[in-house]
Amino acid sequence: MNRYKKRSEEWVLALFFILITVELANAQTAMINVQSRNVTSLNGDWSVIIDPAGSGQWQQVWLEKQPQKKTDFFEYSFQGAPVLKVPGDFNSQLCELTWYEGTVWYKKEFNYRAQKGRRLFLHFGAVNYWADVYVNGEKAGSHEGGFTPFQFEITGKVKDGPNALVVKVNNGRYKSGLPGLGYDWLNYGGITRDVDLIETGNTFIEDYNIQLKKGSLNTVSGWVQLNGSQLAQNITVKIPELNIFYKARTDNEGVAKVEFSAAFKLWSPGSPKRYKVMIESETDTVEDNIGFRSIEVKGSKVVLNGKQLFLKAVNIHEENPFKGARASSAKDAVLLLNAAKELGCNLVRLAHYPHNEHMIKEAEKMGLMVWSEIPVYQHIDFADSSLPSKMEGMLKEMVRRDRNRCAIIIWSLSNETYPGTPGRDKALAELTKKCKAIDSARLITHVINTQRYQNNTFDLWDTLYRQADIIAINEYIGWYTPWQGLPAATKWTLVCPEKPVFISEFGGEALYGNKNVPTDEAAYWTEAYQAKIYTDQIEMFNTVPDLCGVCPWLLFDYRSPGRMHPVYQKGYNRKGLLSDKGEKKKAWYIIKEYYNSIR
Ligand code: GCU
């Protein structure tokens with residue numbers, strides 16, 4: 001292919017992405033909080049067209065053209081088409097889609113009867129990766145990013161009676177995506193979370209922030225935002241259990257500041273107290289169950305509700321191990337979180353992308369703190385001009401959905417990015433500033449694995465640590481890197497000595513049941529060898545200055561296409577403390593005992 005032809009194609013591609021980004025910014029309306037709303041679920045069976053060649057685009061599948069005369073024919077149709085479950089990834093539902101990365105067209109019909117003064121929104125919990133959404137053949141909007149919610153107002157697009165909703169989903173990966181081209185998990189594609197129709201009045205409560213002011217144990221500092229034509233209204237924030245009936249008035253932008261104090265029973269792992277909170281305006285009411293807690297870093301300590309805290313954590317991927325499928329339901333969440341509780345955890349790091357809402361809400365109910373992260377993961381094309389707004393967009397969607405979830409104590413803005421990548425430090429410093437601007441009441445971090453390890457000494461030199469409230473380090477000593485001395489004699493030099501240090505990943509692989517005694521050649525992949533890594537790591541933990549917590553990689557073995565050893569992996573990353581059948585490996589008991597020992 002001559003390079004001019006290649007160049008012109010590159011130009012077209014770049015133009016296409018710019019167009020999409022602009023469209024993306026225009027189409028999406030502000031996020032409605034789904035709970036306590038008049039919601040119609042569109043979950044269930046959806047007809048699909050699997051489109052590996054991507055020809056559905058030029059065939060305009062969303063128009064669902066029908067032959068008008070004998071000589072007409074169209075090489076696609078939803079009639080007689082296969083059916084897939086929503087929410088659900090498509091890879092685990094049809095074996096021909098196991099490793100599929102490409103386009104699948106989804107269709108769902110729904111009935112509607114329009115009423116005067118009512119507005120209608122189409123809300124997606126998440127679609128991986130690209131979504132183009134059509135209602136009755138008309139484009140409603142597009143969204144990029146597989147792990148955050150989005151919605152479109154379709155008031156003017158629906159008609160009385162049956163309506164056709166078509167979604168073009170593409171889970172193809174590309175260089176300036178988030179994540180980029182390479183990542184260590186199965187790229188589950190599809191409409192992976194709940195789809196809802198939400199009806200509101202003309203002016204509704206679009207968003208609110210009801211959380212304690214940074215550093216306070218009793219004062220709420222927040223706001224309420226209205227959306228619609230009647231923006232200046234009286235509002236009341238009610239917490240009946242505490243006899244709180246706080247009154248305010250929204251301004252011409254529809255915003256009201258909220259500030260009041262109360263003797264809250266604070267939320268904590270030991271007592272996950274939540275209060276029923278109602279927000280009422282003259283035209284709308286929303287309800288939520290909200291917990292109140294304060295989280296801070298004081299010197300080199302992590303402090304919850306004024307008390308120092310040790311973070312006993314575990315990494316979790318959003319996968320139901322028993323189904324080998326994307327987790328999406330409250331049941332899936334409870335399955336994963338119960339295992340973390342049983343291990344003795346008080347925190348779960350939801351790797352490496354925002355997990356579904358059920359995970360956060362169930363964790364909050366169970367008294368598990370949550371670490372939420374956006375997939376700025378390893379190979380990120382920071383030089384690409386669309387990256388900053390894409391990262392910011394994803395960050396905003398993550399914070400907007402969960403800002404009232406007290407379980408979330410930390411926002412993680414990147415994982416294992418490379419310092420050599422042009423623009424990395426500047427882009428991540430900018431992103432950190434933006435995160436602080438939209439939520440200064442939680443901790444912020446970047447997960448780093450660039451440390452040098454020589455002469456049994458860790459040198460944490462990466463200046464990105466300066467952007468973080470806690471130092472989060474991934475290290476796989478004993479697995480990818482051999483020990484260089486006694487773990488208990490490990491030394492440390494830190495670029496930011498005054499900050500708490502968190503071991504955000506460590507561990508090694510073992511195939512459950514592989515009980516071979518670890519002799520030199522058979523060391524790897526045995527439970528005993530993985531267990532040895534854990535005992536050594538725990539010895540090393542005693543040497544870490546200002547250690548505020550640890551987080552094994554990870555809870556369950558999980559699917560990853562890059563892990564293809566025919567005997568020990570078979571498409572699974574086997575660093576789980578539990579196998580994909582929930583079987584406890586030796587290392588499970590070592591960490592459980594360690595967490596038990598920490599008072
Ligand atoms: C990395 C990375 C994980 C990955 C793990 C591993 O640190 O953050 O996503 O799965 O190492 O190699 O198993």
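How many of the 10 residues of strand β9 (residues 161-170) are buried? In this predicted model, the strand is mostly covered, with eight of its 10 residues counted as buried.

The pairing of β9 with other strands can be followed on the structure itself. Strand β4, which spans residues 103-112, pairs with β9 in the antiparallel sense, and 10 bridges connect the two. One place to look for this pairing is K107, which stands opposite V166 in β9. Strand β6, covering residues 130-135, also runs antiparallel to β9, to which six bridges join it.

A separate matter is the cysteines. A disulfide is a covalent bond between the sulfur atoms of two cysteines. With a pair of cysteine sulfur atoms required to lie within 2.5 Å, the count for this model comes to zero disulfides. C406 is in no disulfide, since the nearest cysteine sulfur, which belongs to C435, is 17 Å away, and a disulfide requires a separation within 2.5 Å. The relative accessibility of C406 is 0%, so this residue counts as buried. C496 is likewise in no disulfide, its nearest cysteine sulfur being that of C548, at 14 Å. C496 has a relative accessibility of 3%, and it counts as buried because that value falls under the 20% cut-off.

Methods: Residues numbered from 1 in each chain as written. Predicted model: local features only at pLDDT ≥ 70, side-chain atom pairs only at ≥ 80, totals over all residues. Heavy atoms only, no water. Buried < 20%, exposed > 50% of the residue type's maximum accessible area, 1.4 Å probe, protein only. Helix = DSSP H or I, 4+ residues; strand = E, 2+ residues; numbered from the N terminus. Pairing = 2+ DSSP bridges.
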